[in-house]
Amino acid sequence: MLRPHRIGAAIVLALGFGVSAQRGGAPAIPNLAGKVLTVLGPIDPATLGTTLMHEHIFIDFKPPESVGSWAPLQRAPQPPQAQAGQGRQGAGAVQQGGRVGGRGTPGWNLLDNYDESLAEVMEFKKVGGGTIVDVTNFGLSRNPAWLKRISEASGLHVVMGSGWYQKALHPPDMTDRTVEELTDIIVRDVVAGAQGTNIKSGIVGEVGVQGRPITENEIKSIRASARASRLTGAPMTFHMGGGTPEEKQQTLDIVASEGVDLNHVVMGHNGSGDVAVMKQITDRGAYIEFDYIGDAPQTPDDGAGLRQLAERRAQQIKNLIDAGLTDRILVAHDVCTQPQLKKNGGGGFVFTSNLVIPALKALGVSDEVVRRIMIDNPRRVLTFVAPQPLVAQK
Ligand SMILES: [Zn+2]
């Protein structure tokens, strides 16, 4: 049983499409099947190249004032040259001796300096990087205009996220909003553009599901994200997807119940867990994402700390490869803090390219397997499928 999606009146006006693609007179949603949607528009998936699936080029952990509004970065977008030397982290995060402070230091988890972020992503471009998936969304101060500018300036493809981050950063009125209202906002991001721009989201997420237990608002967010994915054909990506193995399955159950093909769903922050639990996820077609790697060592060293970290990460990834999961592994850094930046002694956006991949090869992993993980898997999961009407709920 299918039913057409009733899309909010404001969105109908904003879309400006003349022709209905669905029965029931709902507005048309473009069919991007076979394409990847970047901040500069749809592209051929074959052009993605080496892809980082879960990063934050800019981030500010801050709940929006309400559903449908968004918390902008501390400073409004401005020409890059106008902000030199500004930014909260400049005064807060860097301590004596020029070393960046660790967790809890003021500004440690704020990335809001355009020039610094551009320099960091250019490192990835220089080592042959192709695409960055920026999963910053509501609750993390997504900045579509800056992401577009970063893509233009760097020559990297950038895929932008949508939806709601974890419950601690949900807006205060989340409880009062319906699944339909939340769905409409995500569909708008993908179809019309985000935050009043024409810059579109190419993935739904990172959808925050911290779990223990999964709350009603989290379930609403999962459902709305899944419905938006179903309606637009966009892929989905989760922050954890639940705190326990059972909750991760519950999240996938909800997504599947909304008619989303789990082959286009990423379970973020999961790759380093129990291999048996990872297999429960991949057996259903979903991807497991190995991320949040590349923090600066807590004590100053000559780089040996990062190399040792890379070797540990490579061994964990090798365990997944040995378990037969190669075609469901994704790797990213989840850059979201100052100590992860290259300029502060972290691995930056090149930790995988410069240190983890060489460590994998030292463990006997072939170039072909590396290509499957870094290029083929992201290409497969990021490619849109055809839009479909919502599945009728019992
Ligand atoms: Zn996350």
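I began with tyrosine 165, which at 6% relative accessibility counts as buried, where buried means under 20% relative accessible area, exposed over 50% and partly exposed in between, with a 1.4 Å probe and protein chains only. I kept in mind that this is a predicted model, in which local features need pLDDT of at least 70, side-chain atom pairs count only at pLDDT 80 or more, and totals for chains, interfaces and linings use all residues. I also noted that residues are numbered from 1 along each chain as its sequence is written, and that side-chain values use heavy atoms, with hydrogens and water left out.

**Aromatic rings**

I found that the structure holds five aromatic pairs, counted when rings of Phe, Tyr and Trp (its six-membered ring) have centres within 6.5 Å, with planes under 30 degrees apart called stacked, over 60 edge-to-face and the rest tilted. Phenylalanine 61 and tyrosine 165 have ring centres 6.1 Å apart and planes at 65°, so I wrote this pair down as edge-to-face. Phenylalanine 61 sits in the loop between strand S5 (59-60) and helix H2 (88-92), and tyrosine 165 in the loop between strand S8 (157-160) and helix H5 (179-191), so the pair ties together parts 104 residues apart in sequence. Helices (H or I, at least four residues) and strands (E, at least two) are DSSP runs, numbered from the N terminus. I looked up phenylalanine 61 as well, and with a relative accessible area of 28% this residue is partly exposed.

I then saw that Phe58, Tyr114 and Trp146 form one aromatic cluster. The charged end of arginine 149 sits over the ring of tyrosine 114, 5.5 Å from its centre, which requires NZ of Lys or CZ of Arg within 6 Å of the ring centre and within 35 degrees of the ring normal.

**Zinc site**

Which residues coordinate the zinc ion? I listed Glu206 (OE), His239 (ND1) and His269 (NE2), at 1.9 to 2.2 Å; donors are N, O and S atoms within 2.8 Å of the metal (3.2 Å for Na, K and Ca), and sites may look incomplete, as water is not among the atoms. Glutamate 206 in strand S9 (residues 204-208) and histidine 239 in strand S10 (residues 236-239) link distant parts of the chain, 33 residues apart. Glutamate 206 is buried at 1% relative accessibility, and histidine 239 is buried at 7%.

**Nonpolar core**

Lastly, I noted that the largest nonpolar core has 90 residues, and that Ile57, Phe238, Val255 and Val265 have the most contacts inside it. Such a core is a set of buried Ala, Val, Leu, Ile, Met, Phe, Trp, Tyr and Cys residues joined through side-chain atoms within 4.5 Å.
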